[in-house]
Every structure is written in C-alpha cells, then in structure tokens.
Amino acid sequence: MNIMELKKNMSIPVIASPMFIISNPKTVIAQCKAGIIGSMPSLNARPASQFDEWLAEITEELADYNAKNPDKPAAPFAINQIVHRSNERLQEDMEICVKYKVPILITSLGAREDVYQAAHSYGGIVLHDVINNMFAKKAIEKGADGLIAIAAGAGGHAGLKSPFALIQEIREWFDGPLALGGSIATGGSVLAAEAMGADFAYIGSPFIATEEARAAEEYKQAIVDANSDDIVYSNYFTGVHGNYLAPSIRASGLDPDNLPESDPTKMNFGGDVGKKAWKDIWGCGQGIGVIDKVQPTKDYITQLADQYNQAKDKLMCNRRNIASR
C-alpha cells in the first residue's frame with residue numbers, strides 16, 4: 001500500500017495517534033468515517049479477549065459504512081503494538097491482527113522483524129514511531145514500511161528533537177511514508193507538516209477532548225483549560241520520557257517541578273506510582289492551547305479540514321501576490 005493508496009479515502013492527511021486507555025472502537029470508527037486514519041493500542045482492550053471483539057466491531061462497522069457510502073468510503077484504521085519485551089500480549093494480539101487483516105500497524109518501543117513480516121503476510125503495512133534518526137534507520141532496516149517522527153512537544157512518550165531537524169534528517173535518506181507528530185492541532189499545522197516533507201500529520205491530544213474519547217470528563221476539561229505552560233516532560237512514570245499535564249501530577253500528590261528520574265532500563269507501564277500512571281497522570285502534548293471545547297470527533301475533523309483548506313488557499317494567494325509584483 002503506497003502513499004496514494006493510503007490517502008485515497010482521506011479528507012485530510014491526518015493519522016489519529018493511538019492513545020493509551022483513551023482510544024477505543026468508538027473513536028477509531030468516528031475518525032475513519034470522518035476521513036482520517038483512526039487508531040488505538042491493542043493494549044486498551046482489557047481483558048485480552050476483548051481485543052478480538054473490538055476488531056470485529058471496527059471491521060464490521062466500517063464495512064457496513066462503506067457498503068452504504070461507496071462514493072465516500074471510510075479511511076483505513078491502524079492498531080498500535082508496543083513491541084517492547086514488557087508486553088506479554090504481543091504475540092497473542094498480533095495473531096488477532098492477522099486474523100482481521102488490520103490495514104496498518106503502528107509499532108512502538110522497538111523494531112521487530114517478525115511483527116513486520118506478520119503484517120506483510122496479508123498485505124498490511126507497518127509505520128514505526130521514532131524520536132531520532134538512528135531509530136528511524138533501524139526500523140527501516142528491519143522491514144518497517146514507513147515512519148512516524150515524534151518530535152518535541154508530542155503527548156505521551158516523546159522526544160526532544162525539533163520537527164525541522166527530525167524531518168529533514170530522515171528525508172535525506174528515506175522517501176517512503178512519513179508522518180510527523182508533536183504539537184499539531186490545527187489545519188495550518190497539518191499543511192506545515194506537509195511543507196516540511198511529511199506525508200501525514202500525527203495528532204493525538206486534541207482527540208482527548210472529543211465526546212467519543214474514553215477519558216474522564218475532568219481530563220477532557222483540563223485539555224480545554226490548559227496550554228503549553230502546563231506540560232511537564234518526565235520519565236518518572238514509565239521509564240520513558242513523555243509529556244504530561246502538570247495539574248494531574250499535582251492532584252496525585254506529586255510536585256511536577258521536582259520529579260525524580262526513573263531507571264530507563266526498567267520500563268514500567270504501571271509507573272512508579274502504581275496504577276495511577278496514565279489513568280490519573282494525564283499524558284498530553286503542547287499543542288492544546290487552541291482546543292477550546294469538547295466536541296464530537298466528526299466536528300473537530302471538519303474544523304481541521306476547513307482550516308487546512310483555508311491555509312492552502314492563503315498560501316496560494318500569497319504566491320500569486322508575490323508572482324504579480
């Protein structure tokens with residue numbers, strides 16, 4: 001599946017990032033129907049047997065929608081797999097992905113040839129998320145089809161590289177599918193990602209403030225109320241550096257300005273504060289300053305598309321004005 005095939009049924013070049021706990025079949029289905037690639041982590045299905053049920057729901061709902069809307073079918077969906085050795089469900093979840101022929105796999109925290117081969121066995125593609133050029137090269141060498149460059153300011157696990165630096169370094173040697181994530185929340189930012197060399201924008205945190213998201217109402221409202229000044233970068237909670245909302249850290253009895261360092265070799269998705277990590281410590285990116293309300297997923301994507309088209313029109317207008325001088 002090449003870039004044109006991926007974009008064929010998309011209204012705007014956006015991939016919704018898979019968010020731990022928050023993403024679910026409702027968000028995926030709504031995102032795909034609205035014309036962007038929807039996604040969720042397999043680990044959000046608990047117990048593990050629920051993952052099969054969720055994939056059945058997604059595939060059946062989207063197939064029914066496509067049958068009723070042949071002129072405007074839904075965009076494809078993606079499933080995120082954490083391939084780190086701490087994920088004891090990986091093999092079981094991959095077997096279910098193969099069963100349902102998941103169109104796109106998003107892999108994180110490690111590059112695994114066997115995972116890539118499993119996806120390729122039925123014609124699926126794999127996008128691997130990376131925070132630097134070294135990890136990008138390793139993923140492609142092991143068989144990933146494309147990359148998701150996670151730049152500074154992204155929600156959840158994120159790197160520190162400027163999007164300009166990260167994209168230009170990857171594009172020096174890689175011309176395949178490439179998405180960019182990190183503080184993207186408007187249609188203008190989506191267009192900017194394309195201008196830098198990305199094929200897709202990768203958007204997560206704004207979708208927390210949607211009606212379909214499986215997040216506490218307090219979490220959704222915090223997205224609306226907060227801005228980039230409220231984001232804290234730390235590896236304390238999982239062993240991997242990520243961005244979190246400071247108010248949620250304070251509410252858990254911790255000082256967001258004085259968090260200790262965690263041992264990165266002892267990755268723990270439960271976190272040093274036990275089950276509070278991810279459930280009560282809220283991941284979030286720096287781009288939320290423009291999110292001013294909780295709304296349906298469809299409405300937010302329509303807003304994105306309108307902004308994207310307006311930004312393109314403005315760019316073309318500016319070009320014409322310069323040419324006429």
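Guide: Helices (H or I, at least four residues) and strands (E, at least two) are DSSP runs, numbered from the N terminus. On that scheme, Ile-131 sits in the loop between strand E5 (125-130) and helix H6 (133-141). The model is predicted, so local features need pLDDT of at least 70 and side-chain atom pairs count only at pLDDT 80 or more, while totals for chains, interfaces and linings use all residues. Residues are numbered from 1 along each chain as its sequence is written, and side-chain values use heavy atoms, with hydrogens and water left out.

Visitor: Is Ile-131 buried, exposed or partly exposed?

Guide: Buried means under 20% relative accessible area, exposed over 50%, and partly exposed in between (1.4 Å probe, protein chains only). Ile-131, at 34% relative accessibility, therefore counts as partly exposed.

Visitor: Which part of helix H2 is buried, and what does it pack against?

Guide: In H2 (residues 25-33), seven of the nine residues are buried, so the helix is largely enclosed by the rest of the structure; the buried residues are Pro-25, Thr-27, Val-28, Ile-29, Ala-30, Gln-31 and Cys-32. Taking contact to mean heavy atoms within 4.5 Å, these buried residues pack against strand E1 (14-16), strand E2 (38-41), helix H3 (49-68), strand E3 (77-82) and helix H11 (297-324).

Visitor: How many salt bridges does a search of the whole structure find?

Guide: A salt bridge is a side-chain nitrogen of Lys or Arg within 4 Å of a carboxyl oxygen of Asp or Glu, and the search finds eight. One of them joins Asp-199 and Arg-171, at 2.9 Å from N to O. Asp-199 lies in the loop between helix H8 (187-196) and strand E9 (200-203) and Arg-171 in helix H7 (residues 163-171), so the pair ties together parts that are 28 residues apart in sequence. Asp-199 is buried, with a relative accessible area of 12%, whereas Arg-171 is partly exposed, at 25%.

Visitor: How far apart in helix H9 are Glu-217 and Lys-220?

Guide: An α-helix has 3.6 residues a turn, so residues three or four places apart point the same way. Glu-217 and Lys-220 are three residues apart in H9 (residues 217-225), and are therefore separated by about one helical turn; the closest N and O atoms of their salt bridge are 3.8 Å apart. Glu-217 is exposed, with a relative accessible area of 54%, while Lys-220, at 3%, counts as buried.
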